[in-house]
Amino acid sequence: MAKRPRISVMGIGYVGLCTAVGFASKKYRVLASTHDAEKAKKINKGVPPFYEPNLQKLLKETIESGYLKCLLNQQENTVLETDITFNAVGTPSKPDGSIDLQHIKNSTQEIGKAILKKDAYHVVAVKSTVVPGTTQNIVKPILEKVSKKQCGSDFGLCMTPEFLREGSALKDTFNPDRIIIGEHDKTSGDKLENLYRSFYSPKMPPVVRTNLPTAELIKYASNAFLATKISFINTMANICEKTPGADIKTVAKGIGLDKRIGPLFLNAGLGYGGSCFPKDVKAMIAYSRNTGFRPELLEAVEEVNETQPRKAAELCKRILGDLKNKKIAILGLSFKPHTDDIREARSIPLINQLLKEGALVTAYDPVAIPATKTILKTRIEYASSAVECLRNADCCIVVTEWDEFKSLKPEDFTKNMRQPVLIDGRRIYAVEKFSPKLKFAAIGLNTP
Ligand code: UGA
């Protein structure tokens, strides 16, 4: 059997850590690197720095087996010791929506320094989400300048976007729908494809090999399309609310059965959040405007998403009237279930709106309370269970569709709340079961 390439991973957010753990779990030697001492310490103890189903067990196993190690401030060394580097450092948003490439530039410098010292051919694979042109026009020149070597002949360069979702990150790492390989040259692409083939053997996902900017664009186009589906269904939900007798859930089911449309990402709700869709749609808009093309569709997608959380506050006001000193129970704070991530979570603008109206907010989430406290601090109260959150409330708004909320019964609301008013912001409750017993309103449901 050919010797397995050794792998280095820069950046240990969701993408970097899942990539590192994935390869290490299949007995590839992996060196991860970070500048965050706290994170490195945790990882080397087998403790994930964020909540993600199944990650704890696999991380512990890979650390204990010695296949994965996390080094602090030693990016250059991790590259020197390995054959392929995945660069998965963060690309945060700047105030104008464009992305900040500072981490990519810094880490690329370190990779370049290592390539300068290395005799063996090394492949650099960019996994961070970067706008078209970044790998060719920023990463490659830095690598060539610092290493004093030629890309394509002395070292390889690829751009291979990642499509994993938080909450199912490991599952997605092991079973992606497709692999995209943007290649600077054929040898670079072959090396990366061979690595993926050995990793996914015996069942390799479909592969698309292309050039660097197309690969970069595929990532943005995927996220922008999914965000568009969500803003589309939320627009239809708003139309449903104005249409006597209409319900968006059945509309979504009806259109989703058309194979050309498909059933996924048609859940109407309070909009999309997280570290990807909001940032990537903004970045695509900024990039596109820079090219001289105004992406009106994407601008509308973003605008719909900004106004959507306010819908729940409006529904609440329509039912309760003045919200001053009304006690509102918020169920769910994370941007989606199975994660404690509250980046761009719809709960935050909604809660801010309710507080502005003078409401008293109590919130419960199975895992995201510590993260929320760092932002909302003591401006709201935090409950230790869903039922405790409902106690004496005048209205409950479901913001995140955690399974434990789905099992609540109408009696849990009627028995505990001061006024049994429920706003289903994620459409998890059966209207026929809840509507007769409670004052029930929901996104995309025409309630008289
Ligand atoms: C998203 C993409 O789904 C991944 O393929 C991609 O790799 C990732 O971004 C990334 O770029 O790193 P993620 O942000 O983890 O993954 O979450 P999603 O499951 O896509 O959900 C995003 C948001 O859309 C959530 O707030 C969710 O509640 C919302 N959503 C999703 C809806 O409002 N309706 C839907 O039907 C589906």
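Mentor: Cys 276 counts as partly exposed because its relative accessibility is 33%; buried means under 20% relative accessible area, exposed over 50%, and partly exposed in between, with a 1.4 Å probe and protein chains only. The model is predicted, so local features need pLDDT of at least 70 and side-chain atom pairs count only at pLDDT 80 or more, while totals for chains, interfaces and linings use all residues. Residues are numbered from 1 along each chain as its sequence is written, and side-chain values use heavy atoms, with hydrogens and water left out.

A disulfide is taken as a pair of cysteine sulfur atoms within 2.5 Å. By this rule the count is 0 disulfides. Cys 389 accordingly belongs to no disulfide, and the nearest cysteine sulfur, that of Cys 396, is 6.6 Å away. Cys 389 is classed as buried because its relative accessible area is 0%.

The backbone comes next. Most residues other than glycine have a negative phi, and most peptide bonds are trans. Asn 73, which is not a glycine, has a positive phi of about 50°. Asn 73 belongs to the loop between strand S3 (68-72) and helix H4 (75-80); helices (H or I, at least four residues) and strands (E, at least two) are DSSP runs, numbered from the N terminus. With a relative accessible area of 48%, Asn 73 is partly exposed. Phe 265 also carries a positive phi, near 60°, and lies in the loop between helix H10 (248-256) and helix H11 (277-291). Its relative accessible area of 30% is the reason why Phe 265 is classed as partly exposed. The peptide bond from Ser 201 to Pro 202 is cis, with omega near 10°, and Pro 202 sits in the loop between helix H8 (186-200) and strand S8 (207-210).

The structure holds 1 cavity of 30 Å³ or more. A cavity is a set of points, on a 1 Å grid over the protein atoms alone, where a 1.4 Å probe fits but cannot get out, and lining residues have an atom within 4 Å of a point. The volume of the largest cavity is about 160 Å³, a volume being the space filled by probe spheres set on the grid points. Its lining comprises 18 residues, and Lys 127, Glu 162, Ile 179, Tyr 196 and Tyr 200 lie nearest the centre. Helix H1 (14-25), helix H7 (169-174), strand S7 (179-183) and H8 each supply at least two of the lining residues. H1 gives the largest share, 4 residues.

The chain pairs S1 (residues 7-10) with S2 (residues 30-34) in the parallel sense over 4 bridges, where two strands pair if DSSP finds at least two bridges between them. Val 9 has Ala 32 in S2 as its bridge partner. The path from S1 through H1 to S2 is a right-handed β-α-β crossover, that is, with the strands pointing away from the viewer, the path from the first strand over the helix to the second runs clockwise. S1 also pairs with strand S4 (residues 84-87), again in the parallel sense over 4 bridges, and Ile 7 stands opposite Ile 84 there. Within S1, Ile 7 and Val 9 point one way, Ser 8 and Met 10 the other way, and all are buried.

Conventions. On a 1 Å grid over the protein atoms alone, a cavity is a set of points where a 1.4 Å probe fits but cannot get out, and a pocket is an open set with protein on both sides within 12 Å along at least five of seven lines; lining residues have an atom within 4 Å of a point.
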